[in-house]
Amino acid sequence: MADQVRMGIVGLGAQGGFYATLIDGGRVPRTVIGAICDIDPAKRALAGERYPGVPVYDSYEEMLASGDVDAVVTCVP
């Protein structure tokens, strides 16, 4: 078993932002933000500022193929 799960977040709106805050704040044991994906350029820019060093993608397919994540939470309608 891995020491940490690298969680991918698809959609950085209200729900995705909440998950990111919990994970980044250490509220989800043994989990780190592995990558963030959003189609909105403004949200991608925000992700880059708020979570430096976390890869940011505009396509979930690219994020999944990257190898940056072990699991994904989908926060889009």
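**Close-up 1. T31 in strand β2 of a predicted model.** T31 is placed in strand β2, where strands (E, at least two residues) and helices (H or I, at least four residues) are DSSP runs numbered from the N terminus. T31 is buried because its relative accessible area is 12%, the classes being buried under 20%, exposed over 50% and partly exposed in between, with a 1.4 Å probe and protein chains only. Apart from residues up to four places away in sequence, T31 touches V5, M7 and I23, a contact being heavy atoms within 4.5 Å. Residues are numbered from 1 along each chain as its sequence is written, and side-chain values use heavy atoms, with hydrogens and water left out. As this is a predicted model, local features need pLDDT of at least 70 and side-chain atom pairs count only at pLDDT 80 or more, whereas totals for chains, interfaces and linings use all residues.

Close-up 2. Four strands form an open sheet in the order β3-β2-β1-β4, with parallel pairing, and two strands count as paired if DSSP finds at least two bridges between them. Because β3 and β4 stand at the edges with a single partner strand each, one side of each is left without a neighbour in the sheet. The parallel pairing of β1 and β2 runs over six bridges, and R6 has V32 in β2 as its bridge partner.

Close-up 3. Helix α1 spans residues 14–24, and its residues G16, G17, A20, L22 and I23 are buried. These buried residues pack against β1 (5–10) and β2 (31–37). Since an α-helix has 3.6 residues a turn, residues three or four places apart point the same way. I23 is in contact with M7, I9, V28, T31, V32 and I33, when its neighbours within four places in sequence are left aside. After α1 comes G26, which has a positive phi near 80 degrees. R30, in the loop between α1 and β2, also deserves attention: R30 is not a glycine, although its phi is positive at about 60 degrees. R30 counts as partly exposed because its relative accessible area is 46%.

**Close-up 4. The nonpolar cores.** The largest nonpolar core has twelve residues, namely M7, I9, L12, A20, I23, I33, I36, A47, Y51, V54, V73 and C75; such a core is a set of buried Ala, Val, Leu, Ile, Met, Phe, Trp, Tyr and Cys residues joined through side-chain atoms within 4.5 Å. At least two residues of this core are supplied by each of β1, α1 and β2. A second core, separate and of six residues, includes A35, C37, M63 and V69. In soluble globular proteins, nonpolar side chains tend to be buried together.

**Close-up 5. V56 in strand β3.** V56 lies in strand β3, which covers residues 56–57, and is partly exposed because its relative accessibility is 29%. Not counting residues up to four places away in sequence, V56 touches I36, R44, A47 and G48. The C-alpha atoms of V56 and F18 are separated by 17 Å, and these two residues are 38 residues apart along the chain.

**Close-up 6. The salt bridge between D70 and R6.** The structure holds one salt bridge, defined as a side-chain nitrogen of Lys or Arg within 4 Å of a carboxyl oxygen of Asp or Glu. The side chains of D70 and R6 meet in this salt bridge, at 2.9 Å from N to O. The pair links distant parts of the chain, 64 residues apart, with D70 in the loop between α3 and β4 (71–74) and R6 in strand β1. D70 is partly exposed because its relative accessibility is 46%, and R6 is partly exposed because its relative accessible area is 31%.

**Close-up 7. A nonpolar surface patch at Y60, L64 and V72.** Y60, L64 and V72 form a nonpolar patch on the surface, and together they have about 280 Å² of accessible area, computed by the Shrake-Rupley method with a 1.4 Å probe and, for residues, with only the protein chains shown as cover. Patches are made of residues with over 30% relative accessible area and no salt bridge, in which like charges are joined within 9 Å and nonpolar side chains (Val, Leu, Ile, Met, Phe, Trp, Tyr) within 5 Å. L64 lies in helix α3, residues 60–66, and Y60 is also placed in helix α3. L64 is partly exposed because its relative accessible area is 47%, while Y60 is partly exposed because its value is 46%. Leaving aside neighbours within four places in sequence, L64 is in contact with V69 and V72.
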